[in-house]
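The following exercises concern a single protein model. Each task is followed by a solution in steps.

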Amino acid sequence: MQQWGFVSLRAQQLLAEFAAEQIADGSLAERSESMMRRWMDGADAPAKYRINTIDPMQAMRQQADMMASSFDYWGKLMTAGFDGWTQPAETQDKRFRHEGWENHPVFAAIAQAYHFTAERMLAWADDIDGLDADAKSKLRFNLSNALDAVSPTNFALTNPQVLERAYETRGESLLKGLEHMLKDLRKGQLTHTDPDAFELGVNIATTPGKVVKETPLYQLIQYTPSTKKVLKTPLIVFPPWINRFYILDLNEKKSFVKWAVDQGITLFMVSWKSADASMADVVWDDYVAAQIDAIDSVRDALDVENVHTIGYCVAGTTLAATLALLAERGEADKVASATFFTAQVDFEEAGDLLLFTGDEHMELVEQLSEPGYLDGRYMAATFNMLRGRDLIWNYVVTNYLLGEDYPAFDLLHWNGDTTNLPRKWHRQYLNDLYRENKLAKPGAIQIDGTPIDLSKIKTPAYIQAGKEDHIAPLSSVWKLTEHLSGDIRFVLAGSGHIAGVVNHPSAEKYQYWTNEADVDSLEAFIEGASETKGSWWPDWMEWLRSHNGEEVEPKGARKPGGGKLKALEAAPGSYVKQR
């Protein structure tokens, strides 16, 4: 009793201290009120998202069906008794894996009631009339997130595992979880991993190299060669500026950068600057210009005609625009090949992210970007919501309710290392690409005053998509093949937006699919595809070498700082460390 009394008093003290901080600051309440008002005020929502044409008779029939199902459910429960209710094997939900959900009749009934209610509500959302397809998708997405939020696993008194842990630790687990929660509220971001476990350049992003150029928008990193011969044509990697570049250089066993260097590639990496108030007026044209500047800088420094390029996600979208602009200028030969990691250019089937481009969301983004940039934490929250069950509520349970120690996981560390986005560019990107799909329309977008047309791109392209990608869906990435006019190799990788890309051959994980036939649809590609176990990186390397495999000795400008581009600081540089 004395221990539980201490826990209770300590919890009250923590909450009181936090409340006093917030009252003095006022910012948390203000942000919460603003966000809640924008998300929940139906009067501000576009007409297509309002439910105003529902057939009353249809609604009554749906209610009657749900009530009948409810009576049937509870009738079976009363007849069989609590002891007869466990989770059917075919509907196992990993949130309910703890034995308490099956062994205790009350918790078994709670789990069954939750699954029944969730199933019926989602079915109701699917069957509802009076909404167009976009509005129905948004309704189902929001309803699914709401149902995930109210899962009994997310509340201490209805989760047997939490109660068991609290009993075993005499309340210390709940106290520790409260401390975790208050720390996250203070920093405005959910913590997934031990924040002190990794240090850039020490145990993450450790591939040797130097920053050899710096502009207001990016730093250019050149990596130290590790082979006696290197490909004559260098490679420039353009990572997404939504995240830090070191997703491609986590550690030696995962690093695409180190692996590529060890294959004999002179590799340059662009490290984008996280936006601040000085970048309020930066637009997409500036990122395209930056890519061209990096291409020209490397060509000049190494005295080569052209370079290989990689564009990941949004930087791949931008790479396509860059190639189209170079084609319009008659400078397409500056790029020997283009590789696209999970990139989209046609956003007609861009998936659930389209749900975040409605008028009400655009207004919210505009408000949040008043300092001249969008705080990266809001973007991270958006991506987390796409997989809320795994990236939000799973950690609410483990971090807050169970009070578990944070794991030392490099991928989760990177996921929480957010970057800010320029205000004008971010709105332009959402509006021109996601909402209006202009890039897919010849001449609809101008870069530096020049209308661009993706069909004029004849640069050889390697297009990689993730089978389970929830950010750049497979069907959307495939559309890139329909807009380019050059030779294309399309590869479908197992897993999703990150693990499908970052899959070192030594891990021997996942698989990839290729189709050597000349196919004109994704369905035809899948139907005739051949599966290969493991990483697709060696396939890409073979493809890259087929586009000029000439080799040279790694001397002079091939070493960081050994040519026109002088070494400024050691990799991974200072831009990636700015917050």
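**Exercise 1. Cavities**

About how much space lies in the largest cavity?

*Solution.* The model is predicted, and local features need pLDDT of at least 70, side-chain atom pairs count only at pLDDT 80 or more, and totals for chains, interfaces and linings use all residues. Residues are numbered from 1 along each chain as its sequence is written, and side-chain values use heavy atoms, with hydrogens and water left out.

Step 1. The volume is the space filled by probe spheres set on the points, which are joined across faces, edges and corners.

Step 2. Searching the whole structure gives 2 cavities of 30 Å³ or more. The largest cavity holds about 80 Å³ of space.

Step 3. This largest cavity is lined by 13 residues, and Asn243, Arg244, Phe245, Trp272 and Thr419 are the closest to its centre.

**Exercise 2. Strand 7 and its partners**

Explain why strand 7 is described as largely enclosed, and identify the strands paired with it.

*Solution.* Step 1. Helices (H or I, at least four residues) and strands (E, at least two) are DSSP runs, numbered from the N terminus. Buried means under 20% relative accessible area, exposed over 50%, and partly exposed in between (1.4 Å probe, protein chains only).

Step 1. Two strands pair if DSSP finds at least two bridges between them. Strand 6 (residues 307–312) is parallel to strand 7, with 6 bridges; glycine 311 has phenylalanine 340 as its bridge partner. From strand 6 the chain passes through helix 11 (residues 314–328) to strand 7 in a right-handed β-α-β crossover. Right-handed means that, with the strands pointing away from the viewer, the path from the first strand over the helix to the second runs clockwise.

Step 2. Strand 12 (residues 461–466) also runs parallel to strand 7, joined by 4 bridges. Here threonine 339 faces tyrosine 462.

**Exercise 3. Strand 4**

Determine which way the side chains of strand 4 point and which strands pair with it.

*Solution.* Step 1. In strand 4 (residues 235–238), Leu235 and Val237 point one way, Ile236 and Phe238 point the other way, and all are buried.

Step 1. Strand 5 (residues 267–272) runs parallel to strand 4 over 3 bridges, with isoleucine 236 opposite phenylalanine 268. Together with helix 9 (residues 256–262), these two strands form a right-handed β-α-β unit.

Step 2. Strand 6 is a parallel partner of strand 4 as well, through 4 bridges, and leucine 235 lies opposite histidine 308.

**Exercise 4. Lysine 479**

Is lysine 479 buried or exposed, and which residues does it touch?

*Solution.* Step 1. Lysine 479 is located in the loop between helix 17 (474–478) and strand 13 (488–493).

Step 1. The relative accessible area of lysine 479 is 10%, so this residue is buried.

Step 2. Contact means heavy atoms within 4.5 Å. Leaving aside residues up to four places away in sequence, lysine 479 touches Asp346, Glu348 and Glu349.

Note on methods: 1 Å grid on protein atoms, 1.4 Å probe; cavity = no way out; pocket = protein on both sides within 12 Å on 5 of 7 lines; lining within 4 Å.
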